[in-house]
Amino acid sequence: MDLRQGSGAPSAVAAVERSLTRIRQLEPKLSAFNTVLAERALERARVLDSEAPRGPLHGVPIAIKDNMCTAGVPTTASSKILSGFVPPYDATVIERLESAGAIVIGKTNLDEFAMGSSTENSALGPSKNPWDPTRTPGGSSGGSAVAVAARMVPLALGSDTGGSIRQPAALCGVTGLKPTYGRVSRYGLLAFASSLDQIGPFAVTAREIAAVLQAIGGFDAHDSTSSAEPMPDLTGALNGDITGLRIGIPRAFLTGVDAAVLAAFEASLRIFEARGATLVDVELPHASFGIPVYYLICTAEASSNLARYDGVRYGHRTTLSKEDGLRAMYERTRDEGFGAEVKRRIMLGTYVLSAGYYDAYYLKAQQVRTLLRQDYDRAFERADLIATPTTPTPAFRFGEKTSDPVQMYLADVFTVSANLTGLPSISVPCGFTGSPEPEAGSRLPIGLQLTGRPFDEPTVLRAADAFQLDTTFHMEAPPSVTEVTDDQPLD
Amino acid sequence: MIVSILSKQEVQRIAELARLELTSDELDLFTRQLGDILTYVEQIRALDTSGVVPTSQVLNRPVDRDDVPGPTLTREQLLGNAPDASTEAGLFKVPRVIG
């Protein structure tokens with residue numbers, strides 16, 4: 001498999017030019033990118049065109065969420081506090097992608113420090129959902145999801161702490177994988193919640209996701225939580241055979257789901273059955289506590305991780321007068337540099353770790369995290385995969401949830417469990433709301449989530465790929481971006 | 001309406017611990033919102049977790065590594081992003097610490 005040739009681009013330069021053309025045409029409407037590296041990407045493409053092919057990613061453009069360090073290229077986490085920051089080193093995933101021949105074409109927008117579910121928390125303004133620009137693309141990796149959905153790039157990387165790859169993948173109609181915790185090195189990923197964060201790919205198909213994970217996965221000495229578990233042959237695992245595969249459905253957990261989402265989910269289960277899979281009921285009695293546990297743990301870890309942004313070593317520093325001491329510098333720098341959601345989470349985390357509240361909140365949440373892991377251990381005795389909708393609703397409108405943090409958090413109700421348990425989990429397009437009429441907003445994508453055993457990405461990807469052999473939801477591009485033709489003149 | 005379980009004074013104290021200088025509008029907003037969030041997460045306190053071992057990370061193994069010297073970034077690279085630094089002296093610069 002060669003992804004560039006598969007896309008019809010005769011060379012790396014042609015692939016990059018096609019990406020840049022689409023970015024220039026669509027970016028003003030969609031705001032997917034924080035930085036576009038046109039010259040750098042073309043230069044790299046010319047070099048690659050003169051070399052022997054390095055594998056399936058040779059000459060393929062990829063967009064990177066702007067919370068992964070890129071040497072010599074600004075990395076902002078969509079936060080004012082990192083304005084002016086230019087990392088002196090590449091994240092491990094960047095090094096591995098480039099040595100596999102992929103071409104980094106730009107850095108994509110996110111909720112500030114990956115804290116959010118809509119990109120509305122970006123200091124640079126939100127990205128727009130290409131299926132309906134009055135709606136959010138989801139988040140936090142919204143820019144990466146939009147870039148792939150709008151076919152600006154064939155591939156992108158995101159990071160997923162509580163659903164930040166899978167939720168925007170579902171809301172934008174693309175495929176997105178959160179690998180097993182430890183599968184992909186976090187070296188060079190700006191830390192949000194270190195026990196939950198994991199980098200993963202976005203693409204149109206599960207097959208492309210497999211190729212990217214093959215390149216970026218595996219042990220890295222720079223990340224002490226990276227796993228020494230050997231990388232399996234992922235593409236080789238995609239044989240379409242899911243005969244006898246047991247798919248577990250946690251029925252009791254599927255409450256409060258939008259009717260169209262539930263209908264698409266049920267129809268997806270029939271497709272798996274038709275291909276030979278067996279459906280089994282599983283119980284996840286603690287899954288409904290996922291959101292509270294997640295917000296106690298991720299904020300505690302964030303309050304510690306974000307202590308480093310203090311105006312000393314990088315990024316923004318407040319303007320100082322002669323009378324200002326160190327403490328005023330810290331406090332004002334951080335108040336000016338962080339947005340509201342980041343401040344809320346730092347404060348919640350500080351509170352739950354403080355004396356007198358640690359046991360009641362943080363320790364308790366860690367204990368419930370154990371109960372949730374035990375639920376999954378038991379479920380995987382009966383099932384090989386667990387299926388749920390990725391999100392309870394399709395894409396929501398801008399402003400719909402911004403005034404009420406708890407409502408925004410509930411968008412992640414089905415995704416946070418995979419982070420708390422560390423399990424691999426993919427979102428696959430599985431249907432649409434409304435009718436296929438081209439009226440904006442009438443047709444929004446819906447995602448199906450498949451979660452597997454630790455390090456069992458082969459089964460997760462095989463099932464996703466098998467589903468995509470029998471369906472075409474993932475191949476549909478939003479109407480607003482298909483009107484753009486590749487040879488249309490620029491500007 | 002949810003009655004806030006945090007007082008403004010408590011939120012002010014948390015902000016100080018977190019080294020955040022909040023405006024009075026922010027203080028009002030966060031007092032209400034943090035109260036809402038804490039009210040929501042209260043639900044886990046009803047679960048019986050006596051004797052349950054807490055999970056701090058899911059790897060089931062220690063994450064220590066051997067302390068082996070290796071290549072690092074240069075001093076110039078590290079100082080290059082600082083808002084204020086002396087490259088000659090090789091130091092980050094900060095305002096006075098002792099008042």
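This is a predicted model: local features need pLDDT of at least 70, side-chain atom pairs count only at pLDDT 80 or more; totals for chains, interfaces and linings use all residues.
**Inside the sheet and around it: chains A and B**

Residues are numbered from 1 along each chain as its sequence is written, and chains are lettered from A and ligands numbered from 1 in the order in which they are written.

Two strands pair if DSSP finds at least two bridges between them.

So, back to β9(A). Strand β7(A), residues 246–249, pairs with β9(A) in the parallel sense, over two bridges. With β11(A), residues 445–452, β9(A) pairs in the antiparallel sense over five bridges, and there Leu385(A) faces Gly452(A). Is β9(A) enclosed or open? Five of the five residues of this strand, 385–389, are buried, so the rest of the structure largely encloses it. Buried means 20 or more other C-beta atoms within 10 Å of a residue's own, exposed means 12 or fewer, and partly exposed is in between, with C-beta atoms placed from the backbone.

Let's zoom out. The sheet in chain A is open, has eleven strands and mixed pairing, and its order is β1-β3-β2-β4-β6-β5-β10-β11-β9-β7-β8. Which strands stand at the edges? They are β1(A), residues 33–36, and β8(A), residues 278–281; each has a single partner strand, so one side of each lacks a neighbour in the sheet. On average, and ignoring direction, neighbouring strands are turned by 30° against each other. That kind of angle comes from axes, which are lines fitted to C-alpha atoms, for helices over the stretch in contact, and it runs from 0 to 180 degrees between N-to-C directions.

Now over to β3(A), where six of six residues are buried. On one side, β1(A) pairs with β3(A) in the antiparallel sense over three bridges, with Val36(A) opposite Gly106(A). Strand β2(A), residues 61–65, pairs with β3(A), residues 103–108, in the parallel sense over five bridges. Here Ala63(A) has Gly106(A) as its bridge partner, while Lys65(A) stands opposite Thr108(A).

Helices come next. In α4(A), residues 92–99, the buried residues are Thr92(A), Val93(A), Ile94(A), Arg96(A) and Leu97(A). These pack against β2, β3, β4, β6 and α7 (206–216) of chain A. Just after α4(A), Gly101(A) has a positive phi of about 95°.

The axes of α2(A), residues 12–30, and α3(A), residues 38–49, come within 8 Å and cross at roughly 160°. That makes the two helices roughly antiparallel; the cut-offs are under 35 degrees for roughly parallel, over 145 for roughly antiparallel, 65 to 115 for roughly perpendicular, and oblique for the rest. By class, nine nonpolar, no polar and two charged residues make the contact of α2(A) with α3(A). Ala, Val, Leu, Ile, Met, Phe, Trp, Tyr, Cys and Pro count as nonpolar, Asp, Glu, Lys and Arg as charged, and the others, Gly among them, as polar. As for contact, two residues have it if their C-beta atoms, placed from the backbone, lie within 7 Å.

Chain B has a helix pair too: α1(B), residues 8–17, packs on α2(B), residues 24–41, at about 105°, with the axes 9 Å apart. That makes these two roughly perpendicular. The contact uses Lys8(B), Val11(B) and Gln12(B) of α1(B), and Leu27(B), Phe30(B), Thr31(B) and Leu34(B) of α2(B).

How do the chains meet? 53 residues of chain A are in contact with 43 residues of chain B. Which helix gives the largest share on the chain A side? That is α12(A), with eleven residues. The chain A side divides into 27 nonpolar, 14 polar and twelve charged residues.

Gly290(A) is buried, with 25 other C-beta atoms within 10 Å. Gly290(A) and Arg369(A) are 79 residues apart in sequence but 8.0 Å apart in space, C-alpha to C-alpha. Leaving aside neighbours within four places in sequence, Gly290(A) contacts Leu372(A), Val413(A), Val416(A), Ser417(A) and Leu420(A). Thanks, everyone!

Technical notes: Helices (H or I, at least four residues) and strands (E, at least two) are DSSP runs, numbered from the N terminus.
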